[in-house]
Amino acid sequence: MASEKGKSSSDRFVYREFGQENPAALERAIQELPPQQQNLRVQATRAGRKGKTVTVISGFQTKLETLQALLKQLKTQCGTGGTVKDNEIEIQGDHKQKILEILTKLGYKSKISGG
């Protein structure tokens with residue numbers, strides 16, 4: 001096989017049961033629930049973050065685009081940075097109460113979790 005130009009060992013496959021490769025077909029479908037049906041947990045934690053406190057919002061059953069829009073709104077209203085990781089929103093700093101109020105106004109069912 002090394003004599004064929006343009007072919008590498010990563011282009012080969014030994015066995016494929018069905019047709020063309022389609023990575024979109026292998027992704028798990030996420031059911032988008034309205035805010036009233038989602039149970040969110042808001043928790044401040046420092047675990048694995050070198051002593052920095054972040055507020056983690058988990059329990060979302062929504063698409064990434066919706067999470068990105070909500071993240072932008074929360075970052076603006078809290079005046080801090082944040083990110084989306086593993087279908088959770090992380091906001092820098094301890095903003096449990098403020099985020100709880102914002103999520104409640106948006107119609108989400110949420111509560112503070114942890115200490």
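**From the chain end to an aromatic pair**

Modeller: Happy to! S113 lies in the segment after strand 5, where strands (E, at least two residues) and helices (H or I, at least four) are DSSP runs numbered from the N terminus. Before going on, please keep in mind that this is a predicted model, in which local features need pLDDT of at least 70 and side-chain atom pairs pLDDT 80 or more, while totals for chains, interfaces and linings use all residues. Residues are numbered from 1 along each chain as its sequence is written, and side-chain values use heavy atoms, with hydrogens and water left out.

Back to S113: leaving aside neighbours within four places in sequence, S113 is in contact (heavy atoms within 4.5 Å) with R41, V42 and Q43. The C-alpha atoms of S113 and V42 are 5.7 Å apart, although 71 residues separate the two along the chain.

For orientation, the protein chain has 3 helices and 5 strands, in the order α-β-β-α-β-β-α-β from the N terminus. Of the contacts with a separation of 6 or more, 50% join residues 24 or more positions apart. Buried residues (under 20% relative accessible area; exposed is over 50%, partly exposed in between, with a 1.4 Å probe and protein chains only) make up 25% of the 115 residues.

Now to Q38, in the loop between helix 1 (23-26) and strand 1 (39-45). Q38 is buried, at a relative accessible area of 2%. Beyond four places in sequence, the contacts of Q38 are L33, G59, F60, Q61, T62, Y108 and K109. Two of these partners, F60 and Y108, bring us to the rings.

The structure holds 1 aromatic pair. F60 and Y108 form this pair, with 6.3 Å from centre to centre and 80 degrees between the planes, which is edge-to-face. Here, rings of Phe, Tyr and Trp (its six-membered ring) pair if their centres lie within 6.5 Å, and planes under 30 degrees apart count as stacked, over 60 as edge-to-face and the rest as tilted. F60 belongs to the loop between strand 2 (54-58) and helix 2 (64-78) and Y108 to the loop between helix 3 (96-105) and strand 5 (109-112), so the pair ties together parts 48 residues apart in sequence.

Both F60 and Y108 are buried, and F60 has a relative accessible area of 5%. Outside four places in sequence, F60 contacts Q38, L40, L67, L70, N87, I89 and Y108.

Helix 2 and helix 3 pack at about 130 degrees, with axes 11 Å apart; axes are lines fitted to C-alpha atoms over the stretch in contact, and angles run from 0 to 180 degrees between N-to-C directions. Helix 2 is therefore oblique to helix 3, given that angles under 35 degrees count as roughly parallel, over 145 as roughly antiparallel, 65 to 115 as roughly perpendicular and the rest as oblique.

Finally, H95 sits in the loop between strand 4 (88-92) and helix 3. H95 is buried at 19% relative accessible area and, not counting residues up to four places away, touches T55, C78 and T80.
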